[in-house]
Amino acid sequence: MKYLYFLILLFLVSCKTYHSQPEFSTYYNKNQVEIKKVNNFRYLGGIKNSEGKSLKDSLIYRSGNLHKLRNSSFDEIESLKINKIIDLRTHQEITKEPDHFPKTISYQNHPAFEDENGELKDAKKQVLKGRFKKDDADARMMQFYKDYISENPYIIKKIITEILDSEQPVLYHCTAGKDRTGMITALILKILKFDSSVIFEEYLQSNNLRQKVIQKRLNLANNLHFIFPKLDIGVLEKTGWVERNYLQSAFDEIDKKYGSMDNYIHHILDISENQREVYIKKFLK
């Protein structure tokens with residue numbers, strides 16, 4: 001998936017001030033799980049769907065990668081009773097930064113694509129040379145969202161099924177816990193019949209929880225701009241924050257390619273309306 005290479009920019013350095021103000025969620029730090037060296041960690045719970053039912057707490061967790069998780073934090077992770085970790089990253093990403101977690105937790109890797117041609121590594125060079133601009137990054141991020149939910153839907157189905165069929169709390173994550181993890185979360189909430197307004201609030205919460213991390217990187221990029229004068233800081237902004245139009249582009253692609261979200265859920269994810277009701281009873285109260 002060629003558009004994913006822009007996600008490598010999350011690891012690039014970042015500007016004292018950003019050019020465009022990101023959109024933040026009104027949830028702020030709702031359901032945040034604070035564990036050292038794990039970014040964007042939160043659980044889904046407490047929010048209400050279109051039928052007035054609330055998502056049960058502490059059953060579904062999402063985060064950034066666990067590469068820097070300390071042994072001293074293992075007890076905190078185990079106290080959450082997480083039974084399974086689902087890693088959405090590519091094999092290349094995992095080789096570079098493998099997860100670190102208690103051996104009592106099972107681990108699965110389900111990448112919906114692979115970076116077989118080394119595009120991630122090449123992307124960093126191209127961006128530093130100024131060959132990609134802010135508008136390019138914006139368009140390609142939206143294309144990435146479209147591709148992720150449609151290129152390998154059988155893997156998306158596997159991920160969703162693993163999460164919803166689990167009888168114990170599950171944690172799933174990608175690198176920053178915002179794009180791939182954000183799309184999987186949005187699909188789960190769609191299955192559970194949450195309104196789009198609620199789904200976007202949950203999605204945008206990644207900006208709230210990652211604000212310090214992103215600003216630090218932007219500051220560093222700004223300070224080092226004399227080394228890479230052609231670098232467009234706007235590219236880092238576009239790939240650092242999540243944006244409403246990114247997730248909307250995934251929803252629009254589903255409508256365009258499959259007719260509707262319900263068709264995608266029923267025929268691509270293979271979740272019948274009856275099974276959907278089973279999940280709703282399981283996860284909502």
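Predicted model: local features only at pLDDT ≥ 70, side-chain atom pairs only at ≥ 80, totals over all residues.
Q: Does D138 count as buried or exposed, and at what relative accessibility?
A: The cut-off for buried is under 20% relative accessible area. D138 comes in below that cut-off, so it counts as buried, at 16%.

Q: How far apart are the end C-alpha atoms of helix α9?
A: Helix α9 covers residues 244-258, which makes 15 residues. The expected span is 1.5 Å times one less than the number of residues, so α9 should span 21 Å. The model agrees with that, with its end C-alpha atoms separated by 21 Å.

Q: Which helices do the buried residues of α9 pack against?
A: The buried residues in question are Y246, L247, S249, A250, F251, E253, I254 and Y258. One of them, Y246, is also touched by D138 of α4. The buried set as a whole packs against α4, α5, α6, α7, α8 and α10.

Q: What does the side chain of R180 make a polar contact with?
A: R180 is part of helix α6. With a relative accessible area of 2%, R180 is buried. At 2.9 Å, its side chain makes a polar contact with the side chain of E93.

Q: Which elements each supply at least two residues of the lining of the second largest cavity?
A: This cavity has a volume of about 50 Å³. Its lining is made of Y27, K30, N31, Y43, L44, G45, I47, E202 and Q205, and these divide into four nonpolar, three polar and two charged. The elements that each bring at least two of the lining residues are β1 (42-44) and α7 (196-223).

Q: Which residues lie nearest the centre of the largest pocket?
A: The largest pocket holds about 990 Å³ of space. Its lining has 29 residues, made up of 10 nonpolar, 10 polar and nine charged. Nearest the centre are V38, N39, N40, L209 and V213.

Technical notes: Residues numbered from 1 in each chain as written. Heavy atoms only, no water. 1 Å grid on protein atoms, 1.4 Å probe; cavity = no way out; pocket = protein on both sides within 12 Å on 5 of 7 lines; lining within 4 Å. Points joined across faces, edges and corners; volume = space filled by probe spheres on them. Helix = DSSP H or I, 4+ residues; strand = E, 2+ residues; numbered from the N terminus. Nonpolar A, V, L, I, M, F, W, Y, C, P; charged D, E, K, R; others polar. Buried < 20%, exposed > 50% of the residue type's maximum accessible area, 1.4 Å probe, protein only. Contact = heavy atoms within 4.5 Å. Polar contact = N/O pair within 3.5 Å; in protein donor to acceptor, adjacent residues only side chain to side chain.
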